[in-house]
Amino acid sequence: MSTPPESGMGSARTVPSSPLSKYTIVKALVAAGLFAWLIKSGRLDFNTLFATPLSPFHGLGMLALFAAMVLQAWRWWWLLTVQRIGLSFPRTLGLVWIGRFLAMALPGVVGGDLVLGYYVTREAPSAKTAGLSTVVVDRTIGFYSAFLLG
């Protein structure tokens, strides 16, 4: 088991390394309890969701959305690699998923990008400017690509 590096500026923030840490288990139990309460109280009703007939186009749309997220993650991972920021591709893909979710949940069009900027500066504190520039360049490439296609 490795220990966080020591620095003279206070203690480092420790994050549980085990996927089944106490913190993760408590979060899962709270989420399950909230879902159970929402379903039991009638505030969350899945009947309308399951009553909707599915077509093959639903699966095709989900596949296209997944492919777009993987391509966005690959593009951003490539930009991070060029800037010598060592995030793995699975971690980059996870951050893109978080950013996409929050872009839909938060008001405004840049909510997901702000979260990506936060996470990349947290993952690479010695390269904050380079990390933030990758988010801006990735967004610019995305806009330019949409402009060319649309």
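Tutor: Helices (H or I, at least four residues) and strands (E, at least two) are DSSP runs, numbered from the N terminus. By that convention, Thr-92 lies in helix α4. The model is a predicted one, in which local features need pLDDT of at least 70 and side-chain atom pairs count only at pLDDT 80 or more, while totals for chains, interfaces and linings use all residues. Residues are numbered from 1 along each chain as its sequence is written, and side-chain values use heavy atoms, with hydrogens and water left out.

Student: How many helices and strands are there in the chain?

Tutor: The chain has 6 helices and 0 strands. Along the sequence the pattern reads α-α-α-α-α-α.

Student: Why is Thr-92 counted as buried?

Tutor: Buried means under 20% relative accessible area, exposed over 50%, and partly exposed in between, with a 1.4 Å probe and protein chains only. Thr-92 has 0% relative accessibility, so Thr-92 counts as buried. Buried residues make up 20% of the 150 residues in the chain.

Student: With which residues is Thr-92 in contact, leaving aside its neighbours within four places in sequence?

Tutor: Contact means heavy atoms within 4.5 Å. On that basis Thr-92 is in contact with Ala-73, Trp-76, Trp-77, Leu-80 and Leu-87, its neighbours within four places in sequence being left aside.

Student: What makes a set of residues a nonpolar core?

Tutor: The members must be buried Ala, Val, Leu, Ile, Met, Phe, Trp, Tyr and Cys residues, joined through side-chain atoms within 4.5 Å. The largest such core has 16 residues, of which Trp-76, Leu-80, Ile-85 and Leu-95 touch the most other members. At least two residues of this core come from each of α3 (56–82), α4 (89–105), α5 (111–123) and α6 (128–149). The most is given by α5, with 4 residues. Leu-95 touches Trp-76, Leu-87, Leu-116 and Tyr-119, not counting residues up to four places away in sequence. In soluble globular proteins, nonpolar side chains tend to be buried together.

Student: Why is the pair Arg-75 and Asp-138 called a salt bridge?

Tutor: A salt bridge is a side-chain nitrogen of Lys or Arg within 4 Å of a carboxyl oxygen of Asp or Glu. The closest N and O atoms of Arg-75 and Asp-138 are 2.4 Å apart, so the pair meets that criterion. Arg-75 lies in helix α3 and Asp-138 in helix α6, so the pair ties together parts that are 63 residues apart in sequence. Asp-138 is buried at a relative accessible area of 5%, whereas Arg-75 is partly exposed at 22%.

Student: How many salt bridges does the structure hold?

Tutor: The structure holds 3 salt bridges. Among them, Glu-123 pairs with Arg-91, the closest N and O atoms being 2.6 Å apart. This pair links distant parts of the chain, with Glu-123 in helix α5 and Arg-91 in helix α4, 32 residues apart. Asp-113 forms a salt bridge with Arg-139, with the closest N and O atoms 2.7 Å apart. Asp-113 lies in helix α5 and Arg-139 in helix α6, so this pair ties together parts that are 26 residues apart in sequence. Asp-113 has a relative accessible area of 18% and is therefore buried, while Arg-139, at 26%, is partly exposed.

Student: Why is Arg-84 called exposed?

Tutor: Arg-84 has a relative accessible area of 77%, and is therefore exposed. Arg-84 lies in the loop between α3 and α4. Its phi is near 60°, a positive value in a residue other than glycine. Most residues other than glycine have a negative phi.

Student: How do you know where confidence is lowest and highest among the elements of the chain?

Tutor: The criterion is pLDDT, the predictor's confidence in each residue, from 0 to 100. In the chain, confidence is lowest in α2, at a mean of 80, and highest in α3, at 94. The chain averages a pLDDT of 85, and 87% of the residues score at least 70.

Student: What is the pLDDT over residues 1–16?

Tutor: Over residues 1–16 pLDDT stays under 50, and the model has 6 contacts beyond four places in sequence for them. Where pLDDT is low, the predicted coordinates should not be read in detail.
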